[in-house]
Amino acid sequence: MNGKPVYQVRVPAGEAYGRVEGPKGELGYYVISDGKPNPKRYHVRAPSFINLTGLEPMCVGRKIADVVAVAGSVDIVLGEVDR
């Protein structure tokens, strides 16, 4: 057999949440395992989704035209939000 050896990781059964600080905010991973090599379920929480929640308080009392500038200052990635 040529090539690199194949490693198979067995994750213990249970739930886990891990987070990593990135340049746009906290990136979260939630994994549910049943003890098999692949997770039963997983969810990735993107930082742009949680950063979008602060948009409303920043826009209160401003004009409609200011919303574009406020949204630009938050620097969200809308491709992350619609997952």
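The model is a predicted one, where local features need pLDDT of at least 70, side-chain atom pairs count only at pLDDT 80 or more, and totals for chains, interfaces and linings use all residues. Residues are numbered from 1 along each chain as its sequence is written, and side-chain values use heavy atoms, with hydrogens and water left out.

**The sheet**

- Three strands make up an open sheet in the order E1-E2-E3, with antiparallel pairing; strands here (E, at least two residues) and helices (H or I, at least four) are DSSP runs, numbered from the N terminus.
- Strand E1 (14-22) and strand E3 (41-45) are the edge strands, each pairing on one side only; two strands count as paired if DSSP finds at least two bridges between them.
- On average, neighbouring strands of this sheet are turned by 10 degrees against each other, direction ignored. The axes behind that angle are lines fitted to C-alpha atoms (for helices, over the stretch in contact), and angles run from 0 to 180 degrees between N-to-C directions.
- As background, strands of a sheet pair through backbone hydrogen bonds, either parallel or antiparallel.

**How the strands pair up**

- Nine bridges link E1 and E2 in the antiparallel sense, and a hairpin joins E1 to E2 through two residues.
- Gly22 has Gly25 in E2 as its bridge partner, while Glu15 stands opposite Ile32 in E2.
- E2 and E3 also run antiparallel, joined by five bridges.
- Ile32 stands opposite Arg41 in E3, and Val31 has Tyr42 in E3 as its bridge partner.

**Ser33, in strand E2**

- Ser33 sits in strand E2, which covers residues 25-33.
- Ser33 counts as buried because its relative accessibility is 8%; buried means under 20% relative accessible area, exposed over 50%, and partly exposed in between (1.4 Å probe, protein chains only).
- A polar atom of the Ser33 side chain lies 3.1 Å from the backbone nitrogen of Gly35. A polar contact is a pair of N or O atoms within 3.5 Å; within protein, one must be able to donate a hydrogen and the other to accept it, and residues adjacent in sequence count only if both atoms are side-chain atoms.
- Leaving aside residues up to four places away in sequence, Ser33 touches Val11, Pro12, Ala13, Gly14 and Lys40, contact meaning heavy atoms within 4.5 Å.

**Ser48, in helix H1**

- Helix H1 (residues 47-52) is where you'll find Ser48.
- Ser48 is buried too, because its relative accessibility is 1%.
- Again not counting residues up to four places away in sequence, Ser48 touches Lys24, Ile76, Val77, Glu80 and Val81.
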